[in-house]
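Welcome! Here is a friendly tour for anyone meeting this protein for the first time. Take a moment to look over the sequence and the model before reading on.

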Amino acid sequence: MKDLNGKVCVITGAGGGLGRELAMACARRRMKLVLADVEAGNLETTRTLIQQELPGTYIVTQQVDVSKFEQVATLAQLAVQRCGGVHLLFNNAGVGVTAPIWENTVSDWHWVTNVNLYGVAWGVKAFTPIMLDQGEGHIVNIASAAGWMYSAGSGIYNATKAAVVALSESLANDLKMANSAVGVSVLSPAFFPTGIIETERNRPAEFADAAADSEMKRQYEECVRRAVEAGKISAREIAEITLKGVEENRFYLFPHAWVPGVIALRSKQAQEGMTAFNPQS
Ligand SMILES: NC(=O)c1ccc[n+]([C@@H]2O[C@H](COP(=O)([O-])OP(=O)(O)OC[C@H]3O[C@@H](n4cnc5c(N)ncnc54)[C@H](O)[C@@H]3O)[C@@H](O)[C@H]2O)c1
C-alpha cells in the first residue's frame, strides 16, 4: 500500500513498546489512528505523546483484550463507524513466559496462546472481510525471530510465534487464491528493548497459576531480560522498517539482517536431520 496519507490504521498493543512506535510512525504519515490495548492508562499516554509531537492527529482509543473475539469484533465495528473503513491492521499485542517447557502450567499455555495466537487469529477474522469489501487493505502480523528459531526456555512463546508465521503465510495464500489486492506482512524481529520484560503485568487473574520459580526458570528470565535490554535496534527503528515494508508490499520483514541467515542454517540442518537446531549453539 503505497500512499498511507489519510488512511485508517488499527493497532493492538498500542499502549507501549512497538505498538506505540507503530502509532507514531502512522501518525507521521498522517493516518487516522484506532488504538487498542488491554491497559487503558497506557493507551491514553500514547494518545498524549502523539498529540504532543503531531497535534491534530485523529485518534480513537479503545480498551480491548485481543484474546476475546467479541472485543476484537467490536473494535472493527468502531473503526468502521468512526473512520469509514480500515486500511492497515497491526496484530501487535503479545506476551511471553519463560521456563523449561515441562514446568509451564496449563495457565501459562492458555494465557500466552490466547493472546499471541488467538489474538492474531481474531484480528484476521474480524478485519479481513472489511478489507475484502473495500478492495484494499494490508495486515501486519507481529511474529518474532522466535517464530523461526527455538531457543531453550521460551517454548510456549516460540510455538505461538511459529504459529503466527504459519497463519500469515496461509492468509497471504488464501488472499492470492481469492484474487484479492489485500496485502499481508509478517514481522519477525529479534530482541529489542520494550516493556515485554514486564509482560507478567498483563497476566489475567483467571490464569494466575504461573510456573513455579525454579532455578532454570530464573536463569531463563534473566537471559531474556538481558537480551531484551541489550537489543541494538530500537522499537522506533523497527516501526519505521515495518511501515516501509508495508509501503513496498513486502511479505517477510526481518529488521535484524542476520535472522534469515540463521533460518538458512536451520534448513541445512533439517536436511541432515540428526539433531534439533539450537540457535544458541
Ligand atoms: N521486545 C522484543 O524483544 C520482541 C521481539 C520479537 C517480537 N516481539 C513482539 O512484539 C510485539 C510487541 O511487544 P513489545 O516488545 O512492544 O512489548 P510490550 O510489553 O512493550 O507491548 C505489548 C503491548 O501489548 C499489550 N497487551 C498485552 N496483552 C494484551 C491483550 N490481551 N490484549 C490487548 N493488548 C495486550 C500490553 O499492554 C502492551 O502495551 C509482541 O507481539 C511481541 O511478542 C517483541
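Helices and strands are named here as DSSP runs, helices of at least four residues and strands of at least two, numbered from the N terminus. Please keep in mind that this is a predicted model.

**The sheet**

Let us begin with the strands. Seven of them form an open sheet, with parallel pairing and the order β3-β2-β1-β4-β5-β6-β7. At its edges are β3 (59-63) and β7 (252-253), each of which pairs on one side only.

How much of β5 is buried? Five of its five residues are, so the strand is largely enclosed by the rest of the structure. In a regular strand, side chains alternate between the two faces of the sheet. Both faces of β5 are covered: His 138, Val 140 and Ile 142 are buried on one side, and Ile 139 and Asn 141 are buried on the other.

Helix α1 runs over residues 17-28, twelve in number, and reaches 17 Å from its first C-alpha to its last, close to the 16 Å expected at 1.5 Å a residue. Ten of those twelve residues are buried, so α1 is largely enclosed by the rest of the structure. The buried residues include Leu 18, Arg 20, Glu 21, Met 24 and Cys 26.

After α1 comes Arg 30, which lies in the loop between α1 and β2 (32-37). Its phi is positive, at about 60°, although Arg 30 is not a glycine. Another residue of this kind is Asn 179, with a positive phi of about 55° although it is not a glycine either. Asn 179 is found in the loop between α5 and β6.

Helix α5 holds Ala 159, which is partly exposed with a relative accessible area of 39%. Ala 159 and Thr 113 are 46 residues apart in sequence, and their C-alpha atoms are 8.7 Å apart in space.

**The cysteines**

A disulfide is a covalent bond between the sulfur atoms of two cysteines. How many disulfides does a search of the whole structure find? The search finds zero. Cys 9 is in no disulfide, and the nearest cysteine sulfur, that of Cys 26, is 3.7 Å away. That distance of 3.7 Å is not within the 2.5 Å that a disulfide needs. Cys 9 counts as buried, at 0% relative accessibility.

For Cys 83, the closest cysteine sulfur is that of Cys 9, at 8.9 Å, which is too far for a bond. Cys 83 is buried too, with a relative accessible area of 12%.

**Empty spaces**

Rolling a probe the size of a water molecule over the atoms shows where empty space is left. Two such spaces are set out below.

Which helix gives the most to the lining of the second largest pocket? Helix α5 does, with five residues. Both α5 (155-177) and β6 (183-187) supply at least two residues each. The lining includes Glu 169, Lys 176, Ser 180, Val 184, Asn 249 and Phe 251.

The count of cavities of 30 Å³ or more comes to one. Among the residues that line the largest cavity are Thr 12, Val 66, Asn 91, Asn 92 and Val 115. Helix α4 (residues 106-134) gives the most to this lining, with three residues.

Notes. Residues are numbered from 1 along each chain as its sequence is written. This is a predicted model: local features need pLDDT of at least 70, side-chain atom pairs count only at pLDDT 80 or more; totals for chains, interfaces and linings use all residues. Side-chain values use heavy atoms; hydrogens and water are left out. Buried means under 20% relative accessible area, exposed over 50%, partly exposed in between (1.4 Å probe, protein chains only). On a 1 Å grid over the protein atoms alone, a cavity is a set of points where a 1.4 Å probe fits but cannot get out, and a pocket is an open set with protein on both sides within 12 Å along at least five of seven lines; lining residues have an atom within 4 Å of a point. The expected span of a helix is 1.5 Å times one less than its number of residues. Two strands pair if DSSP finds at least two bridges between them. Grid points are joined across faces, edges and corners, and a volume is the space filled by probe spheres set on the points.
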